[in-house]
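Open the model in your viewer and keep the selection tool handy.

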Amino acid sequence: MEIEVIKDKVIGTAGAKGRDLRADIYRPEQPNGAGVLIVHGGRWRMGSRDMVIGQARALAERGFTCVATEYRFVQEAPWPAPLHDVKTAMRWFRAHAAALGVDPDRIAASGNSAGGHLVLMLAGTVGDAAFEGAGGHPDASTHVAAVIAIFPCVAFYVGERTSGANNAEAILGASPDPEVARFASPINYVRPDFPPTFLLHGNGDKVVPVSASINMYNALTTAGAKAEMHIYAEQPHSWARWPHWVGPTMGEAAIFLERYLLP
């Protein structure tokens with residue numbers, strides 16, 4: 001399928017200085033009317049939209065219009081600035097959905113690692129003033145129709161490590177506040193109406209333990225939310241972005257999205 005790629009589209013502004021936020025748009029030749037906002041990983045401190053080219057193309061080949069967005073890293077602007085920027089991207093996507101051939105009620109979000117954390121937070125904090133930000137299109141909702149979370153961080157610990165959690169210093173810096181860490185943990189926003197969520201992880205992951213996805217899955221299903229989890233044996237962190245894994249993993253993600261987003 002032919003895919004049109006629009007690079008470096010300005011989708012909003014960030015921070016007091018109003019610096020541009022940019023995204024890459026992947027438009028399939030035969031769109032299916034649904035969209036996916038894609039958020040790269042990088043421990044909230046590095047990475048780029050180029051990290052998700054393969055995933056965006058794979059989903060676009062299945063008919064999904066994809067927007068791969070950037071966000072500020074925490075060394076540029078502290079938490080929750082990265083989430084503010086992801087919400088700005090979602091508002092832009094929804095505001096321009098009709099022009100992109102997308103139903104504004106059928107926009108999902110997908111992310112890897114830190115990006116997985118951000119899309120889970122996006123899904124769990126709709127309308128929360130502390131996290132919405134002010135990067136543009138204030139009248140557009142940040143509602144998420146479904147979530148694809150790939151080896152995501154779901155919780156942070158301060159002091160003694162807890163099951164499935166990552167050190168809060170990674171996102172909050174030195175001497176993190178335990179309460180801020182709790183509010184930055186998407187597992188604490190689970191509720192019965194949490195969007196349908198697809199979790200993908202390798203049990204050889206030494207960066208984000210597989211227990212993170214297991215704990216998130218258990219929390220979602222216990223609450224009554226729709227959730228699905230795929231665990232691959234021995235696979236390390238970032239494996240799902242490797243060229244020979246992009247097709248199989250995004251194929252599974254696409255099947256999940258088709259179930260929940262397409263008529």
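Select Tyr189 first: its relative accessible area is 16%, so Tyr189 is buried (buried means under 20% relative accessible area, with a 1.4 Å probe and protein chains only). Before moving on, note that this is a predicted model, in which local features need pLDDT of at least 70, side-chain atom pairs count only at pLDDT 80 or more, and totals for chains, interfaces and linings use all residues. Residues are numbered from 1 along each chain as its sequence is written, and side-chain values use heavy atoms, leaving out hydrogens and water.

Next, select Trp79. With Phe131 it makes a tilted pair, at 6.2 Å and 50 degrees. Trp79, Phe131 and Tyr189 together form one aromatic cluster.

What else is Trp79 in contact with, leaving aside neighbours within four places in sequence? Among its partners are Val74, His117, Leu118 and Met121 (contact means heavy atoms within 4.5 Å).

Finally, pick Arg182: its charged end sits over the ring of Phe183, 4.5 Å from the centre (the test is NZ of Lys or CZ of Arg within 6 Å of the ring centre and within 35 degrees of the ring normal).

Definitions and conventions:
Rings of Phe, Tyr and Trp (its six-membered ring) pair if their centres lie within 6.5 Å; planes under 30 degrees apart count as stacked, over 60 as edge-to-face and the rest as tilted. Buried means under 20% relative accessible area, exposed over 50%, partly exposed in between (1.4 Å probe, protein chains only).
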